[in-house]
Amino acid sequence: MVGRAGLAAGVLGLLATPALAQSPWDRMFPVGDSCYHRLYSDDHLARHPDQRVTAMTIVADPAHPADPWPAVTVRVALRGGHRAEAVAYCQNIEATLYCEMESDAGGFGVEVAKNGAVLVSVSRAGMGFETERDLVTLEARQGDDRSFLLGPARACR
């Protein structure tokens, strides 16, 4: 039987481990140029005809100060060759990084996934992007643009 002192020492030891002590931001963006990307294959897009996003990148944005929240830049490529980019400010909420996009353009959650990937999930408010032609909103409740599994990447700038 473990005494109170042993139990307390065990709990403190667990809390001191790096994986548990790090915030979601620190786990997903450990260095200033951390980034994630996915280019969807033609085969994937054929199986998901309602998916408008053909590629997505999320990268830590050192151009925006981290006070009070760190920022990311989200880039999307859309069917038809359109591209858009937006900045979002993030905060750690339990095991999720929640990011709100500038200009009240919605938001998204980011969670750690397997093999160093992240899962980006569109918030109830959607994710709004301004393309060269119009405004595009990814909806959380319809279509095939609700969540995106992005892998770690290099040189996303």
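Predicted model: local features only at pLDDT ≥ 70, side-chain atom pairs only at ≥ 80, totals over all residues.
## The largest pocket

The largest pocket is lined by E85, A86, V87, E102, S103, A105, G128, F129, E130, L135, V136 and T137. Two or more lining residues come from each of the strands β4 (83-93), β7 (118-130) and β8 (135-138).

Sorted by class, its lining holds six nonpolar residues, three polar ones and three charged ones.

## Confidence

Across the protein chain the average pLDDT is 84, and 84% of the residues reach at least 70. Residues 1-19 have a pLDDT below 50, and this stretch has four contacts in the model beyond near neighbours in sequence.

## Overall build

The protein chain contains four helices and nine strands. Read from the N terminus, the order of its elements is α-α-α-β-α-β-β-β-β-β-β-β-β.

Of the 157 residues in the protein chain, 37% are buried. The chain exposes about 9,600 Å², and carbon and sulfur atoms supply 54% of that area. Among contacts with a separation of 6 or more, 47% are between residues 24 or more positions apart.

## C99 in strand β5

C99 belongs to strand β5, which covers residues 96-101. Is C99 buried or exposed? With a relative accessible area of 0%, C99 is buried, because the cut-off for a buried residue is under 20%.

Leaving out residues up to four places away in sequence, C99 touches V72, A88, Y89, C90, G106, G107, F108 and V110. For one of these, A88, the separation from C99 is eleven residues in sequence and 5.6 Å in space, taken from C-alpha to C-alpha.

## F108 in strand β6

F108, one of the residues that C99 touches, is found in strand β6, made up of residues 106-112. The relative accessibility of F108 is 0%, so F108 also counts as buried.

How far apart in space are F108 and R146, C-alpha to C-alpha? They are 9.6 Å apart, while 38 residues separate them in sequence.

Methods:
Residues numbered from 1 in each chain as written. Heavy atoms only, no water. pLDDT = per-residue confidence, 0-100. Contact = heavy atoms within 4.5 Å. Buried < 20%, exposed > 50% of the residue type's maximum accessible area, 1.4 Å probe, protein only. 1 Å grid on protein atoms, 1.4 Å probe; cavity = no way out; pocket = protein on both sides within 12 Å on 5 of 7 lines; lining within 4 Å. Nonpolar A, V, L, I, M, F, W, Y, C, P; charged D, E, K, R; others polar. Areas by Shrake-Rupley, 256 points an atom, 1.4 Å probe, with all protein chains shown as cover.
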